[in-house]
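Subject: Structure handover

Hello,

Here is the structure I promised you. Please open it and keep it beside this email as you read.

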Amino acid sequence: MTERKPTGVSFESWVDKQIREAEQRGDFSALPGFGKPIPGLERPYDETWWIKAKMQREGLSVLPPSLTLRKEAEDAGEAVSAARTEAEARRLLNEINDKIRKALLMPPEGPPLNLRPFDVEAVVGEWRERRGRG
């Protein structure tokens, strides 16, 4: 715990002394990101940057759940196209199908879902054709 600022010492010099002593002890060298550039410095300033970063870290979205799931399904379709193995493609399809089936049983808030589970065999068949493994 830090000590109290002594009377008669300017606040700035007391803080500077605390920082200098912490640097000498190596207290800052174990912090995450030490020695790395600060992310996002090249981007224009956004006053809500910290809210967006927190939402990204927490996996939160401002979209209604139905639209979030539609986006996940779209991303899953692209991920399947880029899958290296048939097993990976099947895993991706089964994961998104589980989410879609759960949403169909208890429709999420927001606009209509307008999704149905992927036909795994048909999509994997197309995947094989694109790779010349059909």
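Predicted model: local features only at pLDDT ≥ 70, side-chain atom pairs only at ≥ 80, totals over all residues.

Residues are numbered from 1 along each chain as its sequence is written, and side-chain values use heavy atoms, with hydrogens and water left out.

**Helix 3**

Helices here are DSSP runs (H or I, at least four residues), numbered from the N terminus. Helix 3 covers residues 65-81, which is 17 residues. From first C-alpha to last it reaches 24 Å, close to the 24 Å expected at 1.5 Å a residue. That expected span is 1.5 Å times one less than the number of residues.

Which residues of helix 3 are buried? They are Ser66, Leu69, Ala73, Ala76 and Val80. Seen down the axis of helix 3, these buried residues fall within an arc of 70°, so they line one face. The arc is that of the directions from the helix axis to the C-beta atoms. Buried means under 20% relative accessible area, exposed over 50%, and partly exposed in between (1.4 Å probe, protein chains only). The buried residues of helix 3 pack against helix 4 (86-105) and helix 5 (120-130).

Look at Ser66 in helix 3. Ser66 counts as buried, at 0% relative accessibility. Its side chain reaches the backbone oxygen of Pro111 at 2.8 Å. Beyond its neighbours within four places in sequence, Ser66 is in contact (heavy atoms within 4.5 Å) with Pro108, Glu109, Gly110, Pro111 and Leu113.

**The cores**

A nonpolar core is a set of buried Ala, Val, Leu, Ile, Met, Phe, Trp, Tyr and Cys residues joined through side-chain atoms within 4.5 Å. The largest one has nine residues: Val80, Ala83, Ala89, Leu92, Leu93, Val120, Val123, Val124 and Trp127. Helix 4 and helix 5 each supply at least two residues of this core. The largest share, four residues, comes from helix 5. Take Val123: leaving aside neighbours within four places in sequence, Val123 is in contact with Val80, Leu93 and Phe118. Apart from this core lies another, of seven residues, among them Leu69, Ala76, Ile100 and Leu113.

**Salt bridges**

How many salt bridges does a search of the whole structure find? The search finds 12. A salt bridge is a side-chain nitrogen of Lys or Arg within 4 Å of a carboxyl oxygen of Asp or Glu.

- Lys17 and Glu21 meet at 3.3 Å, N to O. Both lie in helix 1 (residues 11-25), four residues apart, about one turn of the helix. Lys17 is partly exposed at 32%, and Glu21 is partly exposed at 24%.
- Arg25 pairs with Asp27, with the closest N and O atoms 2.8 Å apart. Arg25 is exposed at 57%, whereas Asp27 is partly exposed at 39%.
- Glu121 pairs with Arg90, with the closest N and O atoms 2.8 Å apart. This pair links distant parts of the chain: Glu121 is in helix 5 and Arg90 in helix 4, 31 residues apart. Salt bridges that share partners join Glu86, Arg90, Glu121 and Arg128 into one network.

**Asn114**

Most residues other than glycine have a negative phi. Asn114 has a positive phi, near 50°. Asn114 sits in the loop between helix 4 and helix 5. With a relative accessible area of 64%, Asn114 is exposed.

Best wishes

Notes: Polar contact = N/O pair within 3.5 Å; in protein donor to acceptor, adjacent residues only side chain to side chain.
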